[in-house]
Amino acid sequence: SSSSAASDVYKRQSLRDARKTVLESKLKEMLYVVEDPEQARQAGKELISLDPNWSISYHELADVEISDGNVEEALRLFQKALSVGLPRLAYSQYMIGACLQVLGRADEAIDAFMKTLDMDGSNISAGISGLRLAESHSTENISFFKSYVEKWNYDGLLSPENRSMLG
(Lines give C-alpha, C1' and ligand atoms only; values in the text may rest on other atoms or scores of the structure.)
Protein backbone atom coordinates (compact mmCIF):
# COMPACT_ATOMS: atom_id res chain seq x y z
CA SER A 1 0.00 0.00 0.00
CA SER A 2 1.05 3.59 -0.54
CA SER A 3 0.83 4.42 3.18
CA SER A 4 3.40 1.74 4.07
CA ALA A 5 5.64 3.00 1.25
CA ALA A 6 5.34 6.52 2.64
CA SER A 7 6.09 5.15 6.09
CA ASP A 8 9.26 3.44 4.76
CA VAL A 9 10.44 6.66 3.14
CA TYR A 10 9.84 8.52 6.40
CA LYS A 11 11.77 5.87 8.38
CA ARG A 12 14.70 6.03 5.95
CA GLN A 13 14.77 9.83 6.15
CA SER A 14 14.57 9.73 9.94
CA LEU A 15 17.48 7.27 10.08
CA ARG A 16 19.49 9.38 7.66
CA ASP A 17 18.81 12.54 9.68
CA ALA A 18 19.80 10.77 12.90
CA ARG A 19 23.02 9.55 11.26
CA LYS A 20 23.76 13.11 10.02
CA THR A 21 23.32 14.44 13.56
CA VAL A 22 25.74 11.82 14.91
CA LEU A 23 28.30 12.63 12.21
CA GLU A 24 27.99 16.40 12.76
CA SER A 25 28.64 15.85 16.48
CA LYS A 26 31.57 13.54 15.75
CA LEU A 27 33.07 16.03 13.31
CA LYS A 28 32.90 18.85 15.88
CA GLU A 29 34.29 16.64 18.64
CA MET A 30 37.22 15.49 16.48
CA LEU A 31 37.89 19.02 15.28
CA TYR A 32 37.56 21.01 18.51
CA VAL A 33 37.94 18.56 21.41
CA VAL A 34 40.21 15.76 20.22
CA GLU A 35 41.84 18.03 17.61
CA ASP A 36 42.11 15.20 15.09
CA PRO A 37 41.49 16.81 11.70
CA GLU A 38 41.83 13.49 9.84
CA GLN A 39 38.96 11.87 11.76
CA ALA A 40 36.93 15.08 11.48
CA ARG A 41 37.58 15.06 7.71
CA GLN A 42 36.36 11.44 7.47
CA ALA A 43 33.16 12.34 9.32
CA GLY A 44 32.68 15.31 6.97
CA LYS A 45 33.12 13.18 3.86
CA GLU A 46 30.66 10.63 5.24
CA LEU A 47 28.17 13.45 5.95
CA ILE A 48 28.36 14.59 2.32
CA SER A 49 27.99 11.07 0.94
CA LEU A 50 24.93 10.55 3.17
CA ASP A 51 23.19 13.66 1.81
CA PRO A 52 25.04 15.29 -1.12
CA ASN A 53 22.26 17.86 -1.59
CA TRP A 54 22.54 19.44 1.88
CA SER A 55 24.84 22.46 1.64
CA ILE A 56 25.58 22.55 5.38
CA SER A 57 27.49 19.25 5.14
CA TYR A 58 29.93 20.97 2.76
CA HIS A 59 30.23 23.88 5.23
CA GLU A 60 31.08 21.41 8.01
CA LEU A 61 33.86 19.78 5.99
CA ALA A 62 35.11 23.18 4.81
CA ASP A 63 35.49 24.24 8.47
CA VAL A 64 37.72 21.20 9.00
CA GLU A 65 39.85 22.16 5.99
CA ILE A 66 40.18 25.78 7.15
CA SER A 67 41.24 24.74 10.62
CA ASP A 68 43.78 22.37 9.05
CA GLY A 69 45.16 25.16 6.83
CA ASN A 70 43.73 23.86 3.53
CA VAL A 71 42.07 27.06 2.33
CA GLU A 72 42.06 25.98 -1.36
CA GLU A 73 40.09 22.85 -0.46
CA ALA A 74 37.74 24.86 1.78
CA LEU A 75 37.14 27.25 -1.14
CA ARG A 76 36.26 24.30 -3.39
CA LEU A 77 33.81 22.99 -0.78
CA PHE A 78 32.12 26.38 -0.30
CA GLN A 79 31.79 26.66 -4.09
CA LYS A 80 30.21 23.19 -4.14
CA ALA A 81 27.86 24.22 -1.29
CA LEU A 82 26.82 27.27 -3.31
CA SER A 83 26.04 25.11 -6.36
CA VAL A 84 24.07 22.67 -4.17
CA GLY A 85 22.00 25.63 -3.03
CA LEU A 86 19.87 26.11 0.05
CA PRO A 87 20.16 26.45 2.96
CA ARG A 88 22.65 29.19 3.84
CA LEU A 89 23.27 30.41 0.29
CA ALA A 90 24.60 33.82 1.34
CA TYR A 91 26.89 32.16 3.90
CA SER A 92 28.38 29.95 1.17
CA GLN A 93 28.93 33.02 -1.02
CA TYR A 94 30.47 35.02 1.86
CA MET A 95 32.86 32.18 2.76
CA ILE A 96 33.97 31.93 -0.88
CA GLY A 97 34.98 35.59 -0.57
CA ALA A 98 36.71 35.01 2.76
CA CYS A 99 38.72 32.09 1.34
CA LEU A 100 39.66 34.05 -1.77
CA GLN A 101 40.79 36.94 0.44
CA VAL A 102 43.04 34.61 2.49
CA LEU A 103 44.44 33.21 -0.76
CA GLY A 104 45.35 36.74 -1.90
CA ARG A 105 42.86 36.74 -4.78
CA ALA A 106 41.54 40.21 -3.98
CA ASP A 107 39.55 40.95 -7.16
CA GLU A 108 37.69 37.64 -6.97
CA ALA A 109 37.10 38.15 -3.23
CA ILE A 110 35.64 41.63 -3.85
CA ASP A 111 33.34 40.13 -6.49
CA ALA A 112 32.26 37.38 -4.05
CA PHE A 113 31.52 39.94 -1.32
CA MET A 114 29.46 42.00 -3.79
CA LYS A 115 27.47 38.88 -4.74
CA THR A 116 26.96 38.15 -1.03
CA LEU A 117 25.44 41.61 -0.51
CA ASP A 118 23.23 41.14 -3.58
CA MET A 119 21.86 37.98 -1.88
CA ASP A 120 21.73 39.37 1.64
CA GLY A 121 21.88 43.12 2.03
CA SER A 122 22.36 42.78 5.80
CA ASN A 123 25.63 40.82 5.67
CA ILE A 124 27.83 43.26 7.60
CA SER A 125 30.90 40.99 7.40
CA ALA A 126 30.77 41.02 3.59
CA GLY A 127 30.27 44.79 3.55
CA ILE A 128 33.20 45.57 5.82
CA SER A 129 35.54 42.97 4.29
CA GLY A 130 34.60 44.16 0.80
CA LEU A 131 35.09 47.83 1.65
CA ARG A 132 38.49 47.25 3.23
CA LEU A 133 39.65 45.17 0.25
CA ALA A 134 38.23 47.65 -2.26
CA GLU A 135 40.00 50.53 -0.52
CA SER A 136 43.32 48.71 -0.78
CA HIS A 137 42.82 47.27 -4.30
CA SER A 138 40.08 48.30 -6.68
CA THR A 139 38.80 51.81 -6.20
CA GLU A 140 35.82 51.44 -8.57
CA ASN A 141 33.97 49.24 -6.06
CA ILE A 142 34.49 51.40 -2.97
CA SER A 143 31.19 53.26 -3.38
CA PHE A 144 29.24 49.98 -3.71
CA PHE A 145 30.40 48.82 -0.28
CA LYS A 146 30.36 52.31 1.25
CA SER A 147 26.65 52.72 0.49
CA TYR A 148 25.86 49.58 2.51
CA VAL A 149 28.17 50.44 5.39
CA GLU A 150 26.87 54.02 5.61
CA LYS A 151 23.26 52.78 5.68
CA TRP A 152 24.05 50.25 8.43
CA ASN A 153 25.84 52.95 10.40
CA TYR A 154 22.86 55.31 9.96
CA ASP A 155 20.46 52.53 11.05
CA GLY A 156 22.59 51.86 14.15
CA LEU A 157 23.46 48.31 13.07
CA LEU A 158 27.25 48.54 13.37
CA SER A 159 28.79 47.40 16.64
CA PRO A 160 31.78 49.26 18.12
CA GLU A 161 33.85 46.31 16.85
CA ASN A 162 32.44 46.77 13.33
CA ARG A 163 33.30 50.47 13.43
CA SER A 164 36.84 49.82 14.68
CA MET A 165 37.39 47.49 11.69
CA LEU A 166 36.57 50.40 9.42
CA GLY A 167 39.43 52.40 10.90
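Q: What makes F144, F145, Y148 and W152 a cluster in this predicted model?
A: In this predicted model, ring pairs link F144, F145, Y148 and W152. Rings pair if their centres lie within 6.5 Å, and the search of the whole structure finds 5 aromatic pairs.

Q: Why is the pair of F144 and F145 called edge-to-face?
A: The ring centres of F144 and F145 are 5.2 Å apart, and a pair requires centres within 6.5 Å. The planes of the two rings stand at 90°, and angles over 60 degrees count as edge-to-face; the pair is therefore edge-to-face.

Q: Why is the pair of Y94 and F113 called tilted?
A: The centres of Y94 and F113 are 5.6 Å apart, with 35° between the planes. Stacked planes are under 30 degrees apart and edge-to-face planes over 60, so an angle between these limits counts as tilted. This pair joins distant parts of the chain, with Y94 in helix α5 and F113 in helix α6, 19 residues apart. Both Y94 and F113 are buried.

Q: How do you know whether F145 and N123 are buried or exposed?
A: Buried means under 20% relative accessible area. F145 has a value of 0% and N123 a value of 13%, so F145 is buried and N123 is buried. N123 is found in the loop between α6 and α7, where its contacts beyond four places in sequence are Y94, T116, L117 and W152.

Q: Which residues have the most contacts inside the largest nonpolar core?
A: They are F78, F113, F145 and W152, in a core of 43 residues. The largest contribution to this core, 7 residues, comes from α6.

Q: Why are the buried residues of α2 said to lie on the same side of the helix?
A: The buried residues of α2 are A40, R41, A43, G44, L47 and I48. They cover an arc of only 160° around the axis, which puts them on the same side of α2. An α-helix has 3.6 residues a turn, so residues three or four places apart point the same way. The buried residues of α2 pack against α1, α3 and α4.

Q: What makes D36 a cap of the N-terminal end of α2?
A: A side-chain oxygen of D36 lies 3.1 Å from the backbone nitrogen of E38, and the limit for a polar contact is 3.5 Å.

Q: Why does the pair S136 and H137 count as a polar contact?
A: Residues adjacent in sequence count only if both atoms are side-chain atoms, within 3.5 Å.

Definitions and conventions:
Residues are numbered from 1 along each chain as its sequence is written. This is a predicted model: local features need pLDDT of at least 70, side-chain atom pairs count only at pLDDT 80 or more; totals for chains, interfaces and linings use all residues. Side-chain values use heavy atoms; hydrogens and water are left out. Buried means under 20% relative accessible area, exposed over 50%, partly exposed in between (1.4 Å probe, protein chains only). Helices (H or I, at least four residues) and strands (E, at least two) are DSSP runs, numbered from the N terminus. The arc is that of the directions from the helix axis to the C-beta atoms. Contact means heavy atoms within 4.5 Å. A polar contact is a pair of N or O atoms within 3.5 Å; within protein, one must be able to donate a hydrogen and the other to accept it, and residues adjacent in sequence count only if both atoms are side-chain atoms. A nonpolar core is a set of buried Ala, Val, Leu, Ile, Met, Phe, Trp, Tyr and Cys residues joined through side-chain atoms within 4.5 Å. Rings of Phe, Tyr and Trp (its six-membered ring) pair if their centres lie within 6.5 Å; planes under 30 degrees apart count as stacked, over 60 as edge-to-face and the rest as tilted.
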